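I opened my notebook to go through this structure piece by piece.

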Amino acid sequence: MATGELNPSHYPAQRAAKVVQHYLNTRYGSPYRLYGQQMVHSGNAEDVADSGRKYQLEISVQEMISNTTEKCSAEVLFPRGEQQRSAQVQASCEELLKINTKDQEEALYQQYKTNQSLLSAQHLPDRCGHMEPDMKPLWHLCIVASSFVMLNESTENTLYNMAQVANITQLATENDQLKFDCHILLHEMVSQEIIHWKLLFTWSPPEGVKVLQMEQLPHCHHCEKPPNTN
């Protein structure tokens with residue numbers, strides 16, 4: 001791996017920037033607030049003795065739903081060692097965090113909580129990339145939940161995208177947290193693998209998304225291919 005100044009368009013800088021995207025979604029993502037890496041402006045990498053490899057980045061991050069973009073500074077440390085540990089991320093994107101989605105989230109929460117029947121859906125999006133508009137907040141919730149997996153699994157040699165929600169089911173709860181069981185498909189761009197995960201997560205506007213369980217599922221040879229995520 002190169003050290004010093006990085007080419008912003010090459011894989012090392014792009015992979016580190018993608019980890020910042022996952023981190024922001026785990027910390028601040030919601031059905032109406034979703035972050036995406038738009039551009040890497042500059043990057044620098046250095047080996048940190050006994051700790052790992054640190055990337056310092058200047059990137060543009062887009063809040064996808066409001067279509068708002070901000071230039072942010074970020075630092076990503078990929079720990080070194082035999083046992084894989086999650087990358088450590090620090091990011092400063094103050095303006096994007098000021099976007100207020102409280103009213104929309106509360107309205108969606110009340111809708112999901114008071115529905116006559118528990119929600120369920122399959123193939124978000126379908127094989128043609130189509131999704132009904134009323135399913136998009138659910139899709140966004142799953143992207144936020146999947147970001148916990150992608151952040152946990154990311155290394156200097158991976159590049160993860162969410163590909164599809166194979167299925168999701170709302171579960172009955174006796175508290176204020178909405179609970180969901182879902183099967184997601186992640187696209188690992190370097191190996192071109194489609195990786196299946198089962199997640200159990202909760203959501204409420206005050207608490208955000210909390211992943212309770214994550215389990216990687218065996219490779220599925222007969223499963224329908226998800227839409228292209230390139």
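I looked up Glu5 and found its bridge partner, Asn44, in β2. The model is predicted, so I kept to its rules: local features need pLDDT of at least 70, side-chain atom pairs count only at pLDDT 80 or more, and totals for chains, interfaces and linings use all residues. Residues are numbered from 1 along each chain as its sequence is written, and side-chain values use heavy atoms, with hydrogens and water left out.

**Sheet.** I followed β1 to strand β2 (residues 35–48) and noted antiparallel pairing over 3 bridges. Two strands pair if DSSP finds at least two bridges between them. Helices (H or I, at least four residues) and strands (E, at least two) are DSSP runs, numbered from the N terminus. I then read the order of the open sheet of 5 strands: β1-β2-β3-β4-β5, with antiparallel pairing. β1 (4–6) and β5 each have a single partner strand, so one side of each lacks a neighbour in the sheet. From one strand to the next, the twist averages 20°. Helix α1 (residues 11–28) packs on the sheet and touches β1, β2, β3 (52–63), β4 and β5. Contact means heavy atoms within 4.5 Å. The direction of α1 makes about 120° with that of β2. Axes here are lines fitted to C-alpha atoms, for helices over the stretch in contact, and angles run from 0 to 180 degrees between N-to-C directions.

**Cores.** Which residues have the most contacts inside the largest nonpolar core? I found Leu138, Met162, Ile168 and Phe201, in a core of 34 residues. Such a core is a set of buried Ala, Val, Leu, Ile, Met, Phe, Trp, Tyr and Cys residues joined through side-chain atoms within 4.5 Å. α3 gives the most to this core, with 9 residues. I checked Leu138: its contacts include Tyr112, Ile168 and Phe180. A second, separate core has 25 residues, among them Ala16 and Val40.

**Cysteines.** I counted 1 disulfide, taken as a pair of cysteine sulfur atoms within 2.5 Å. Cys72 and Cys93 form this disulfide, with sulfur atoms 2.2 Å apart. Cys72 is in strand β4 (residues 68–79), and Cys93 lies in the loop between β5 (88–92) and α2 (102–114). The S-S torsion is about 135°, so the disulfide is right-handed. Cys72 is buried at 1% relative accessibility; buried means under 20% relative accessible area, exposed over 50%, partly exposed in between (1.4 Å probe, protein chains only).

Definitions and conventions
Lists of a residue's contacts leave out its neighbours within four places in sequence.
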